[in-house]
Amino acid sequence: MPDEPRSIAAPHILTTLHLIRLILDALATLHKTAIHGDISLGNLFIDGDLHTGTLRGAVFLDFGSARLLDAPNGKTAPILPSEKLYTTPLFCAPEIFTGARSGEPFCLTPAADVYSVGVLLRLLLRKEALAAYRKFPEDLAEELKPAEIYPSDTVPSARPVLPQLNHILSAAAEPDPEKRIPVAEMLKEINALIEQLSAPRFPLAENLSSPESFIPHSRDNELKAIRKQMDSGVRPIFLYGLGGLGKTETARALLRQCKKDGMRVAFFNYEQSVRDTILHLEFTNYRYTPSTPHLSLQQQEEEHYYENLKLLAAMGPDSVVVMDNFDSNSQTLDDLRREPAYQDLINLGGPHLIITTRFIPEGDSSVEICPLPKELLLKMMLKELQITEKEDPRLASTLRELILAVHGHTLTCHLIAKSIRCSWGRLTAQDVLDALKQYDLQSLKQRPVTSDKDRGYTKDTIYGHLKVLFDLSRMTGAYRTVLCHTVLLPPKGLDTKLFLDGETPEEQNALIELVERGWIGRNRLNKDIYFLTTHSLIRQLILNELAPSVDECSAFFAQLERSFTDYVELLEETGYTTTPETIRADPYPKDPNYDFEYDLGCLYETAADLPFVPDAIKAAWLGKALDHYSESKWFYLNDDSDSVIDIEVICRRCRLKRLLLTQKLAPQDEQRDIWQRVHELEELRDAYVGTASREDQAKSFEKEAELETLFFSLSEEEALAGEHAEEYRNLGKDIYLSCVDRLIRQDPDRSFDQAFVRHVLDIAAEGEAFVLKHFDNDAEDFFSEICTYYSALCSTFSLNCLYYEAADHYNRKHAAEWLRKDKYLEEKAKQTGKKLTCEDYWIFGNHARDYDQQLAFQYYMTAIASAEQILESGGTPPREISIAYRFCAKILKQQGETKKAALFKKRAADSEKRDKAIQAALHKEFEAQQGKNNARKSSFYSANNPSDILS
């Protein structure tokens, strides 16, 4: 049911094992002198959070059952029958029960604590067990009895090591304390599992492509400086310098060096924010799956974020990761470092972290990338020109002058050498040098080279040198068109084959030559995929000097979309058979796992961010981006992939951009309908909330406040009398809920102000009065409305401990309305002659069991009778009917009907066994279907395997 409280899922297996290790470490010290005697979940203080995986320590509480150990025999002094033992039955070792019932003195050993730790481990491994323990601990006695745990019983992260876990649980649950596993041995096995699970089974992509421009050993001093800081434990280490000097290639050289030394390495690009960067990390063979099906998209995103952080940390201290291009055109380095996700990343532990940036970081944890020595640059240029200094000393002399003229800028030197080599004699080194000398850099307008905005002298010089070479290269005709199209490339690049589909044959040839001349970069992603990229300096040059137009970008998109349409038509003509024509025309990338729809969305979104594009076309292109992202989302949903959440985040960001543009384009008519303004504010508020960023959260609060002001300005009589009566009622309910939520979340510190708390509670009460007044109390829909209201208030108040009393108050009201609705449905069924089902009564029992146990007992007994009738007729009763059996067994035992209680417990176990078998069969069927889908997809792509023009 949507309004029932969400269960608390079991923690990640590594979190559970780390907690058990903390407990066993503490016991190893305690057992030198004493035993605790009552280890349970309630007697532990955990410093940290089980569900985010942050554990700093664990402390035992309540030593009322502790006993000193006698040093020679390792046992306690005899415990007399007259002594009372205050223990938690669910976690209690069997020898404690046996000794207490014997009427004779008995001794305990440290094995009693080991048994309790085993029960605690079993509790943490069982799905949904924590939630059940908090509400009905006595119902878990059967669940936590020593027995094998099956894959369907536990969290996915525990399944790879389930055999070892079952062995530990069995050894800890040994009835004979002398045969029970000792603390030291249990700790050893737990440590072995942690080590096994901490190994990076899901490694990040290395991305170690070696560029032609990098000169071996040219950055040895910088690499030594970085390794020295790594050895001293500095984290993060900044690699900084001007754009085009080789920071990225130096970072990749470091990773190649570290990999040779046996370390794990990975390279990834910074994407708009650190949070987005972490969410978009791609771990090999890893799929994010929500811990519970009840999570909202925002909750799934949060969980996925922390899962990726854990996987990153799990790479361990013998690994190195690089985050490249930690830059921004609109923020300072301090601004970027204030992001909470940045703090999460640098405090993570695990791998060494290298960050490249064009900013100048303060402090000692940084290494500057300066211009290379001129002799090394000369060596690079001569190698590119395929000639030695001895063969042409005059050329070498000219190249030295060129290096001085461009201030030793690596990218410029590399482009000069490539342009000369690919000119077929039409351009010489002397031509370039003469042009640089004649060009008046002082006459250049202040070009906004945003990548180096903090160093003013580079704005003219670097840009001017590149412009000279650009002009000499005669970027006209097809060359100009292709370069204009490259401004559409997303920051991470684009598949070569996909980009070629947007070009005419003449433009494709020009593209190949531009790659050869170095103006367009090409990196190999894997054996099938090559990515095209442009350096940020070159991109700025294209925007300023070639002035791409909307028509040119539109022509590229039209050609790209046409290639897909033509291919489908060709397949239809050939009867979907593979022919030379279909292979040539196939626009799809070769790799079946490559998501071209996602990259098409990136193309349109990048185009919508270009400064020369009118707002109306930006909005249209963002719509196209959303269409392609949505196709990508469904592709991933069919694959059960982890990237669904990434796509959802991107879609929400895209929708917000489009919405802001749409509202900007709409005529600002102050006389427009007030309900139109309400809808606009609602859309904006929801869009800002969807992006999950702090800045947008603040804007969502602003829109909520505007919406509240607008609502309270409405005339109630006019609204209810007009055509917007239903909208008014729904808006009012939402306004009161959002107002309470905003006040609590926007300023949580004011919750200590009693007057403020009273104000919040008054608003909640006014909202309740509004719902009771404006929704028909006799209608079935009323229950849904009032229950939704109570449930939302309960969730909001539960976020702050100072409102727990209010949360409990509305939780009880919520339950009372559910019970009233259930009675209403019963009466309605009697009046109409409709027969309520087994599942109906089971749901009624769920609603009642927290607040009216006798009523719940009646509902559950009716559900059980119906379930047994279904079984007798050969059918399958609803899953989870075991909950009804166990609840009724407890009540029957209290009433003295022990035989019937025992029978119901047995039937509960049978029902659970049946549910597990059904679940296993469904899972097997699902996996078989997934295998068929993947095989069908693979065969579709493998039928079309054209060679890459640029491979």
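Hi everyone. By a salt bridge I mean a side-chain nitrogen of Lys or Arg within 4 Å of a carboxyl oxygen of Asp or Glu. With that in hand, look at Glu384, Lys418, Arg421 and Glu516, which are linked in a network of salt bridges. Please keep in mind that this is a predicted model.

Let me walk you through a few individual pairs.

Take Asp261 and Arg227, whose side chains meet in a salt bridge at 3.0 Å, N to O. This pair links distant parts of the chain, 34 residues apart: Asp261 sits in the loop between α8 (247-260) and β7 (264-269), while Arg227 belongs to helix α7, residues 220-231. Is Arg227 buried or exposed? Arg227 counts as buried because its relative accessibility is 19%, and the cut-off for buried is under 20%.

Next, Glu513 and Arg517 form a salt bridge, with 3.2 Å between the closest N and O atoms. Glu513 is partly exposed, at a relative accessible area of 24%, whereas Arg517 is buried, at 9%.

Now for helix α33, which runs over residues 804-832. Its 29 residues reach 41 Å from the first C-alpha to the last, close to the 42 Å expected at 1.5 Å a residue. Within α33 we find Arg812 and Asp808, four residues apart, about one turn of the helix. These two form a salt bridge too, and their closest N and O atoms are 3.3 Å apart. Arg812 is partly exposed at 48% relative accessibility, and Asp808 is partly exposed at 38%.

In one, Asp566, Glu569, Glu572 and Glu573 gather as a patch of negative charge. Glu569 is found in helix α22, residues 550-573, and Glu569 counts as partly exposed because its relative accessibility is 41%.

The other patch is nonpolar: Phe45, Val59 and Leu61 together have about 270 Å² of accessible area. Phe45 lies in strand β2, residues 44-49, and with a relative accessible area of 46%, Phe45 is partly exposed.

Technical notes
Residues numbered from 1 in each chain as written. Predicted model: local features only at pLDDT ≥ 70, side-chain atom pairs only at ≥ 80, totals over all residues. Heavy atoms only, no water. Patch = residues over 30% accessible without salt bridge, like charges linked within 9 Å, V, L, I, M, F, W, Y side chains within 5 Å. Areas by Shrake-Rupley, 256 points an atom, 1.4 Å probe, with all protein chains shown as cover. Lys, Arg positive; Asp, Glu negative; His and termini not counted. Charge placed at Lys NZ, Arg CZ, Asp CG, Glu CD. Helix = DSSP H or I, 4+ residues; strand = E, 2+ residues; numbered from the N terminus. Buried < 20%, exposed > 50% of the residue type's maximum accessible area, 1.4 Å probe, protein only. Expected span 1.5 Å × (residues − 1).
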